[in-house]
Amino acid sequence: MPPGLDPAGPGRDENPAGEPGEPVPAPDADDEDWLAWCEAAAEHGEPWDPDEEEPDSAAPWDYDLDAIIAECRQVTAEETAAAARAARLGLPAGQPIPLARRGPGQPGSARLSPGEYLSRAAGFAAGMVLDTMPGCGALAGFAAEAAGDDDRFDGAGDDEVAGVISAWDRVEAYASARKHAAVAELIRRRPAPGCVPEGAAQVPAGWDEFTVKELAALLAESRGAAEGLLELARDLAVKLPGTSAAFRDGILSRYKVQIIACATGLLDPDEARAAEALVLGRAGRLTPGGLRAAIARAVMEVAPAKAQKRREQAARDARVQRWAEDSGNAALMGRELPPAEVLAADQRISAWARQLMAAGLEGDMDVLRARAYLDLLLGKDSRPRRDAGQDGTKPDGPGGGGPDGPGGSGSGPAGPDGAPPAPPPGSSGGAGFAGRVTVTVPLATLLNLAERPGEIPGIGPIDPALARDLAAAAAQNPKTTWCVTVTDEQGHAIGHGCARPEPRNRRERAKRRKPGPPDGRDPPRGTSGTPGPGFSFTASGQHGPPGGYGTWKLRTGAGGQPDLLVTLDPIPAGDCDHRYQAKGHDPGVKLRHLSQVRHATCTGPTCRRPSTQSDFEHNIPYEAGGRTCLCNGGPKCRHDHRLKQDPRWKVEQLPDGTFRWTTPSGRQYATEPTRYPI
């Protein structure tokens with residue numbers, strides 16, 4: 001328990017103390033203790049009449065504070081003053097605590113902590129009025145008072161200091177929002193020729209030619225920075241009123257506001273408002289990366305054709321960039337490249353890096369991928385050479401060559417013509433890539449029934465047209481694996497199945513029942529049943545597992561590929577029946593896979609590391625009797641695995657798969673299951 005916080009004692013007549021914020025009941029006029037107190041008080045002067053309003057000039061009571069603390073729940077004078085001033089700002093008493101009001105970063109616990117608050121930072125404890133107040137000038141004043149003259153927060157607990165940090169974050173966003181509002185007013189006063197005020201905000205479509213220079217001089221900024229400030233101010237005033245309100249309240253930082261404005265830049269005002277409405281409810285608790293993915297998906301849902309057009313136009317600006325790093329090294333990067341080829345290239349880099357690791361080249365996977373990247377570009381082979389011969393020479397062949405050969409020490413040409421190394425075993429050599437990288441595509445999009453975005457881990461949301469193109473490209477590679485996930489209305493996984501080839505005997509029986517083309521192979525068929533490439537998903541007639549979603553037949557439309565069967569198992573969203581429980585410590589293949597489906601990333605707060613690169617971690621340790629089951633485990637990266645084992649941290653796993661983390665200061669943060677495109 002934080003310092004300065006004592007448990008609440010019982011109320012009058014042994015009634016339990018109420019929750020903070022509830023009014024203390026008026027004393028009973030027949031209460032003997034109350035009457036005795038009044039008589040004692042009369043000895044020091046006229047007793048106080050509870051029906052008479054106390055004058056502002058009333059002298060402080062000189063009774064024993066310990067007696068009053070024992071009689072009723074105490075709230076410090078600082079908190080009382082803060083509550084009164086907050087009421088004057090328009091915050092109703094006893095209002096529910098909105099989680100999004102926490103401001104930038106994850107929401108903390110909204111539960112009040114009953115007890116006696118003694119520090120001047122008491123109002124910033126979890127769930128108290130200053131912990132949930134919107135960003136404003138008054139909040140800045142309270143936060144400054146809480147720090148004290150020396151900024152050491154004397155008497156404040158960890159929870160209260162955490163509340164002050166969050167409050168300053170909201171104040172910082174509030175101040176930035178007010179600055180942008182002032183910049184919008186400057187635009188109104190410097191309209192471009194022919195531009196008149198438009199819409200409810202009455203902001204012209206453009207500004208005078210020299211407004212950028214005026215603002216740049218005012219703020220000692222570059223012209224580019226000043227122009228960006230003008231554009232964001234106009235977008236907030238005209239296109240994004242919800243984002244603007246969240247910005248002013250401190251729910252969103254300027255960086256997050258910029259992410260939303262950039263993503264909605266291609267939309268008209270009505271479309272932009274529709275897109276922001278899809279993310280604002282959780283934007284405050286998302287990391288910048290999570291928000292970037294969420295708003296990109298929202299834009300694709302609202303205007304898929306515009307999102308596709310922007311991608312196609314940007315592809316014309318494809319380029320390779322190089323620059324000097326601050327360390328003195330260099331960087332090389334490709335921009336606006338075709339996603340399918342980027343995935344294939346990325347897989348080839350990783351496969352060659354694994355070859356380098358197996359050959360004994362030093363370095364972690366990041367270092368080896370960088371080395372593989374250059375190997376493939378330059379046609380080199382950086383695998384360590386074999387031991388030198390008796391005469392000190394190196395053997396010929398891949399990785400051989402003299403010390404003065406191309407690549408210098410430790411490397412040489414991959415072949416006599418200097419060509420890049422052949423694709424390592426298991427990698428893709430063409431543009432069609434094996435789907436070992438998860439490409440998530442809504443089934444309705446795949447079947448041309450809807451225009452909903454897909455998603456690629458590490459890349460983010462992809463527009464529906466690209467999702468279909470990538471699925472078609474993956475279908476050409478026989479090594480691609482296919483899975484189907486059933487979601488609820490919020491996008492949480494509630495069922496999943498991995499496809500397997502239809503048994504040969506069933507295919508033969510189907511061919512005998514239905515005449516095929518002369519070559520004996522069924523033509524690929526689209527969703528409408530007409531010949532042509534495309535996907536189809538139909539019931540197979542087989543029963544699935546109890547509580548599941550049946551067995552289905554998936555056709556990819558790729559020539560020569562067999563039909564696939566998908567049996568959909570349930571993923572519990574409440575009470576667990578332990579059907580996937582493993583007997584020992586290590587999870588089975590299906591249990592591990594389903595845990596990675598339910599949480600596509602690490603379950604640590606703010607962590608976005610893919611679950612396929614994370615540990616399966618028991619919430620209740622296996623050694624302490626914890627099950628190896630979906631109800632007691634989930635993916636955690638190695639860092640958050642170690643964090644969970646720190647005795648100062650606490651993690652609870654709820655029946656729906658949510659993980660609730662409690663920090664050393666007592667703040668709580670929830671990680672819900674992944675929301676898939678629906």
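Author: Let's go through this model feature by feature, starting with how to treat it.

Author: This is a predicted model, so local features need pLDDT of at least 70 and side-chain atom pairs count only at pLDDT 80 or more, while totals for chains, interfaces and linings use all residues. Residues are numbered from 1 along each chain as its sequence is written, and side-chain values use heavy atoms, with hydrogens and water left out.

Reader: Fine. How many helices and strands does the protein have?

Author: Helices (H or I, at least four residues) and strands (E, at least two) are DSSP runs, numbered from the N terminus. Here there are 21 helices and 19 strands.

Reader: And how much of the protein counts as buried?

Author: Buried means under 20% relative accessible area, exposed means over 50%, and partly exposed is in between (1.4 Å probe, protein chains only). Of the 678 residues, 40% count as buried. The accessible areas come from the Shrake-Rupley method with a 1.4 Å probe, and for residues only the protein chains shown count as cover. The protein exposes about 36,900 Å², with 53% of that supplied by carbon and sulfur atoms.

Reader: Which residues touch the most other members of the largest nonpolar core?

Author: The general idea is that in soluble globular proteins, nonpolar side chains tend to be buried together. A nonpolar core is a set of buried Ala, Val, Leu, Ile, Met, Phe, Trp, Tyr and Cys residues joined through side-chain atoms within 4.5 Å. The largest one here has 26 residues, and Leu252, Leu291 and Ile295 touch the most other members. At least two residues of this core come from each of α6 (158-189), α8 (223-238), α9 (241-249), α10 (254-263), α11 (269-277) and α13 (288-302). There is also a second, separate core of 17 residues, including Phe124, Ala140, Phe142 and Ala146.

Reader: What is Leu291 in contact with, leaving aside its neighbours within four places in sequence?

Author: Contact means heavy atoms within 4.5 Å. With those neighbours set aside, Leu291 is in contact with Lys256, Ile259, Ile260, Val279, Ala283 and Leu286. For the protein overall, take the contacts with a separation of 6 or more: 57% of them are between residues 24 or more positions apart.

Reader: Now a single helix. Which residues of α15 are buried?

Author: Start with its span: the expected value is 1.5 Å times one less than the number of residues. Helix α15 (residues 339-358) has 20 residues and reaches 29 Å from first C-alpha to last, close to the 28 Å expected. Its buried residues are Pro339, Ala340, Leu343, Ala344, Gln347, Ile349, Ser350, Ala351, Trp352, Ala353 and Leu356. Their cover includes α16, β5 (380-381), β7 (454-456) and α18 (464-475). Just after α15, Gly360 has a positive phi of about 100°.

Reader: Which residues make the nonpolar surface patch?

Author: Patches are made of residues with over 30% relative accessible area and no salt bridge; like charges are joined within 9 Å, nonpolar side chains (Val, Leu, Ile, Met, Phe, Trp, Tyr) within 5 Å. Val320, Leu332, Leu374, Leu377 and Leu378 make one of about 460 Å². Helix α16 (residues 365-378) gives the most to the patch, with three residues. Leu374 is found in α16, and it counts as partly exposed because its relative accessibility is 33%.

Reader: And salt bridges: how many does the structure hold?

Author: Side chains of opposite charge can pair when their charged atoms come close. A salt bridge is a side-chain nitrogen of Lys or Arg within 4 Å of a carboxyl oxygen of Asp or Glu. The structure holds 25. Glu185 and Arg189 form one of them, at 2.8 Å from N to O. Both lie in helix α6, four residues apart, about one turn of the helix. Glu185 is partly exposed at 28%, whereas Arg189 is exposed at 58%.

Reader: Where do Asp569 and Lys590 lie?

Author: Their side chains meet in a salt bridge (2.9 Å, N to O). This pair links distant parts of the chain, with Asp569 in strand β14 (residues 569-570) and Lys590 in helix α20, 21 residues apart. Asp569 counts as buried because its relative accessibility is 11%, while Lys590, at 44%, counts as partly exposed.
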